[in-house]
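The sequence and the structure come first, and the description follows.

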Amino acid sequence: MLTNENIRILVVDDELNLLKLIHAYLQQEGYQVNEAADGKAGLREFHQWKPDLIILDRMLPDMSGEEICRQVRRESNIPILMLTAKAGEQHVIEGLSLGADDYVTKPFSPKEVVARVRALLRRSQSHGAPLMEEMGFDADRLVIKVTKQEVLKDKAIIPLTAIEFRLLVTLAKHPGVTYTRAQLIEQALGHDFDGYDRTIDAHIKNLRQKIEDQPKQPRYILTVFGTGYKFGVEK
């Protein structure tokens with residue numbers, strides 16, 4: 001597991017005072033921190049500096065945080081913490097649907113940002129991951145290599161975010177068992193997750209897009225209406 005001094009965090013925000021404040025708090029925790037004040041600079045630092053986590057403002061002067069998130073997700077599954085001035089569940093779900101792992105609504109305490117960063121890094125490093133080695137489904141069309149944190153569909157590696165991977169493992173361990181959104185938050189994301197139950201829906205939607213042949217008619221991750229989700233294919 002990486003120690004703080006080996007972890008690189010890129011902060012992308014055009015509010016310079018806030019940028020410096022977040023930088024200072026993260027640096028106090030021992031992280032390596034780099035800054036970008038607009039989207040183009042953020043993408044350049046992402047490619048050149050190769051951070052382990054990105055803190056990304058949703059509203060930037062030259063391009064949206066959503067577009068940056070999309071571009072990063074084409075190349076990497078590193079955790080993304082989105083900062084947004086738009087309060088409300090729907091705005092949060094929109095951000096998560098584009099590939100962000102978590103969000104913080106402005107105004108916020110820098111200590112809250114640090115806490116969210118710690119939580120995302122713990123998940124990405126698979127703290128407390130299940131001990132089983134591998135699970136195969138659908139005549140091994142879908143294979144989950146738990147200890148390697150890899151998912152293969154038709155023998156091709158499918159890139160998942162840390163949260164998507166933990167959700168998939170949680171559901172796949174017990175095919176046919178229905179999990180409520182609250183149970184998925186507790187078992188897959190941990191007690192340190194602080195968000196709407198409905199944010200699970202955004203992560204499930206992203207996961208279906210990656211592993212299902214027909215995401216709108218899923219076979220693996222099924223909706224149990226009024227309750228939550230279950231894994232629909234036996235081992």
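A residue is called exposed when its relative accessible area is over 50%, and buried when that area is under 20%. The model is predicted, and the description below should be read with that in mind.

**Backbone geometry**

By this cut-off K50 counts as exposed, because its relative accessibility is 59%. K50 is found in the loop between α2 (39-49) and β3 (53-57), and its phi is near 55°, a positive value in a residue other than glycine. K155 also counts as exposed, because its relative accessibility is 77%; this residue lies in the loop between β8 (150-153) and β9 (156-157), and its phi, near 70°, is likewise positive. Most residues other than glycine have a negative phi, and most peptide bonds are trans. A cis peptide bond, with omega of about -5°, joins K106 and P107, and P107 is found in the loop between β5 (102-105) and α5 (110-124).

**Aromatic pairs**

With ring centres required to lie within 6.5 Å of each other, the count comes to 2 aromatic pairs.

Y220 and F231 form an aromatic pair that is stacked, with 6.0 Å from centre to centre and 25° between the planes. Here Y220 lies in the loop between α8 (199-211) and β11 (221-224), while F231 is in strand β12, 11 residues apart. Y220 is buried, its relative accessible area being 1%. Taken together, F137, Y220 and F231 form one aromatic cluster.

**Charges over rings**

Which residues place a charged end over a ring, and at what distance from the ring centre? The table lists R116 over Y103 and R219 over Y220.

| Charged residue | Ring | Distance from ring centre |
|---|---|---|
| R116 | Y103 | 5.9 Å |
| R219 | Y220 | 5.7 Å |

The ring of Y220 therefore has R219 over its face, within the 6 Å limit for such a placement, and Y220 is also a member of the aromatic cluster with F137 and F231.

Terms used
Residues are numbered from 1 along each chain as its sequence is written. This is a predicted model: local features need pLDDT of at least 70, side-chain atom pairs count only at pLDDT 80 or more; totals for chains, interfaces and linings use all residues. Side-chain values use heavy atoms; hydrogens and water are left out. Rings of Phe, Tyr and Trp (its six-membered ring) pair if their centres lie within 6.5 Å; planes under 30 degrees apart count as stacked, over 60 as edge-to-face and the rest as tilted. Helices (H or I, at least four residues) and strands (E, at least two) are DSSP runs, numbered from the N terminus. Buried means under 20% relative accessible area, exposed over 50%, partly exposed in between (1.4 Å probe, protein chains only). A charge sits over a ring if NZ of Lys or CZ of Arg is within 6 Å of the ring centre and within 35 degrees of the ring normal.
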